[in-house]
Amino acid sequence: MSQRRGRLTEYDFDAALEDLRDWYHVPSLLVLMAFMFWVRARSWGNFVRDGQVLFSGNDPWYHLRQTTYTVQNWPQTMPFDAHTYFPYGTANSQFGTLFDQVVATAALVVGLGDPSQQTIAMTLLFAPAVIGTLVAIPVYLGGKRLGGRFGGVLGVLVLALSTGGFLGRGLVGFSDHHIAEVFLQMMAVVAFMTALGVAESEYPVWELVANREWGALRKSAGWAALAGVALALYLWTWPPGVLLVGILGIFFLLQITLDYVRGASPEPVAFVGAVALGVTGVLMLLPLNSFAFTATDFSLLQPFLTFGIAGGCVFMAYLAREFDDRDLDPRTYPFAVLGAIAAVALVAAVLVPDFLQYIVKNTGRVVGLGGGAQSGTIGEAQPLPRPFVTLFSSYGLAFVSAGVGALLMLGAYLRRRDASSEWFLVVIWSVIILLATLTQQRFSYYLVLPIALVNAYVVRLVLTYISPGEGTEGVQTFQVLAVLTVLIILVAPLAVGAPDRPTTAWERGGANAPSSGVVGWDSGLDWMGDNTPTPGTYGGEDNAMELYGTNERTDDYDYAPGAYGVISWWDYGHWITSRSGRIPTANPFQQGATDAANFLLAPNETQAERVVGEMSENDSQPQYVMVDWKMVNEWPEANGKFFAPIIFYDEADIDRGDFFSRVLQIQGQQAQKAYYLRSQRYYESMVNRLWYFHGSARQPTPVVANYDERVVRGQRFLTTPTGNQSRYRVFGNPLQSPQQSVQQAREFVEEDGSAQVGGIGPNPPEYVDALEHYRLVHNSNTSAIQRGSPYLLSLRRTLTGLAGNTQQMSQQELAQTQGQIQSLLLPTGASPPWVKVFERVDGATIEGTAPTNTTVTARVEMNAPTNNETFTYTQRAETGEDGTFTMTVPYSTTGYDQWGPENGHTNVSTRATGDYQFTTGIQRADDGSVVRYTDSASVSEAQVIGEDDSTVQVELSEEVLREPSEDGGSTDSGTDGNSTSEQSRVAGPERTVATP
């Protein structure tokens, strides 16, 4: 009995070992995929706040809009969107594609045919985690083709542990089409690998086609057709994916040429190319909606390119037959092919020059290791920073082993005539994806795919080396241990985290959260949606636009009266559309970017109004401006965006030096930025007049930035002053004698020669005029200053740069210095909001009388309750010879409750605390008394918004501040005796209180 039990135990062990050898890849894949999903989905709770689902970045919000529309109109995607790119609308097909249809279908299933908006949002939230996990399947299949089952599992392990762009795009919240691109590109590559392998085995040649031996062609044609379908699905998800079509074109060109030169028939490979790309071309005709050549739409480009490559494969096979029939030297075949390509390019240059120019331009932009200035304003389109460091941190030594493996694979392919063309395809694909990643870091989420597949091939080489002749399926235990040792060396860097930041896949997954920008804008967008009129109803019009209405595709949408646009930088367009239901003039497709830049950087209101006119249509025009702290921040290291509009501005030839200069701090041989010194042009731009001054006039203040000038190799640099010179100074008493203090500051600057009045914080070097048609209506609830915020970082860097060497200061001196500088940067002490909302209004007309040739100053105190900020709007006008003056003011003081969204206007949050006060400067009367002229008046909301066209009348009357004395002087009348202080206070222009 015991012997039988022993034999049974031995039999069971051998059977179990055999089963493990046959099926180990299945549980391995399941475990790895479970791990991948856990990493990607574990932080989902961070994205649900107060029942509301948030997303990361910009594009996911537009996908939410497109997915919601598809749920309501399944399976159709939105043909045209009139709720973005005012006043044109858009039909940008990068969005509203297969990705949105799949997510919408999933939401319909989860919601049992009638999903709520919450269900749609939650489905979209988890979509990247699910799709990112499913990428493991095609990676395994591709890895298995190159390195057997063990190689396939290794490829998935590399995929699971990598922390590059692929992980970021697959986390919950990053609900963009990018992760679907990765899945479908990998499916397409594996499908082409399989089709090539089948063709090499089945050997489809022209005779089989000519004799209609369909049975012999069925398998090859079937796999090639599936490859074509897979490629079409990829392009249906992302039309700019024609990069993969280009990669395949290069592969077929080189592979067919090499096959013929090496004495093999090129027809099997040409058969795959012709059938697969022919199928893709036919399928790309189905969504065709543009007859131009553009990659950002379902245009003629995709079918034209795929049909062209398919035809090229047929031509090259035909040319090879001609060479054989004419007994020509095969070594001249490549030159004949190149000649044919040159001829085609010449014909294209004549017949379709736009197509050829587009191909050449975008090839350089995608894989040319460089990019244009405008592409540099898009984070994902910038070159990969510190390439080796970034790639090593993302893929560890797996990146190095993939590079070695690709070289070995290429060498083996060129050395062996029986080598599979699949190897050559993977090598070409890997090289071009690497070049694309180095050129635009957005392609980094593709790079993990060739790295995983090539490492599967490396495992095959290692197994072959330690177990020659046995292949990859009959390895022994010690051999597995040897491979595991190599494996640990490769992936260990990916599994060991850094002590100061999340670096591993699971750490990054746990730290995933909505971007700070989305959170910062949230309350402002909510306010816009609740307190401004529905587009189509502004001014009381009755043409309300449906947020998810269906509009026919057009190049220029005809907006009805009452529609309006919201001006902001293009980064925020999708948020404005999806979160507030309003129509941005610019969006992350970079549509409207130039108009937005021309408005934001306009040096005066007249030019800004002209730009608004160019963005207007009939009775529809931009009515609101949304500005956040990033748009006025010149620190790129602190997420500042002020540099970006400068690149798009086309009203004049400008650069960053027109707006600010870097002041460097020299330490030994090193130079680092101390702070940025701003010019008058910076403060006169509309975006800064709005953000810093809320449209108010602004007097210069007596703060001076002191610096040194150096010229190195003909280039001028500003540096912090050497020695014990102060980096900044404040002259006189700005509150009691502002004019005198500014004059002292100017005299110092003129004498010093390397200093500037103002230029830091909200302190312009010269006077800034008031705006007449723009008013602050709301400050967001979210503060720009919070722990760890980039805004706070930029403030601290500026503060440190101005303070100088704080190590030599006592604690008391340091506190005083930092306190004074901070008061210059944040003069009211109020916490600046993340977003400010402004409305463009007709303005109320004020007509008045005062002494002739006198400056009249109007002031009104305003309060923004969300952050309890109080500021004074100031404007001044000159009286003529007849003593009259006219001014237009954008702020009202009464009648707020009578106007709101229900009658086509704004429920303003920022309101006046009292009436307008009108004053002149202090004058000495003929009798020796000291007088000024004053009056006050209220301005109704109806007058500001144009519902009441009556003018406000004021008549300034004399107010005696000091009576004349018997000796010809004057004595106080109704003052507290502090006559000098009183005279100085009222004589000088008011120092407008505003915060950044």
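1. Leaving aside neighbours within four places in sequence, Phe-918 is in contact (heavy atoms within 4.5 Å) with Ile-846, Val-856, Thr-857, Ala-858, Met-887, Tyr-933, Thr-934, Asp-935, Ser-936, Ala-937, Val-954 and Leu-956. This is a predicted model, in which local features need pLDDT of at least 70 and side-chain atom pairs count only at pLDDT 80 or more, while totals for chains, interfaces and linings use all residues. Residues are numbered from 1 along each chain as its sequence is written, and side-chain values use heavy atoms, with hydrogens and water left out.

2. Phe-918 is also among the residues with the most contacts inside the largest nonpolar core, together with Phe-252, Trp-429, Leu-449, Trp-569 and Phe-599, and that core has 244 residues. Helix α8, residues 178-202, gives the most to this core, with 14 residues. A second, separate core of nine residues includes Ala-91, Tyr-557, Tyr-559 and Ala-563. A nonpolar core here is a set of buried Ala, Val, Leu, Ile, Met, Phe, Trp, Tyr and Cys residues joined through side-chain atoms within 4.5 Å, where buried means under 20% relative accessible area, exposed over 50% and partly exposed in between (1.4 Å probe, protein chains only).

3. Of the contacts with a separation of 6 or more, 74% are between residues 24 or more positions apart.

4. Helices α16 (387-395) and α17 (397-415) each supply at least two of the patch residues, and α17 gives the largest share, three residues. Val-400 lies in α17 and counts as partly exposed because its relative accessibility is 36%.

5. Glu-847 lies in strand β14, residues 844-849, and counts as partly exposed because its relative accessibility is 32%. Not counting residues up to four places away in sequence, Glu-847 touches Phe-885, Thr-886, Thr-951, Val-952, Gln-953 and Val-954. Glu-847 and Val-952 are 105 residues apart in sequence, yet 6.1 Å apart in space, C-alpha to C-alpha.

Methods: Helices (H or I, at least four residues) and strands (E, at least two) are DSSP runs, numbered from the N terminus.
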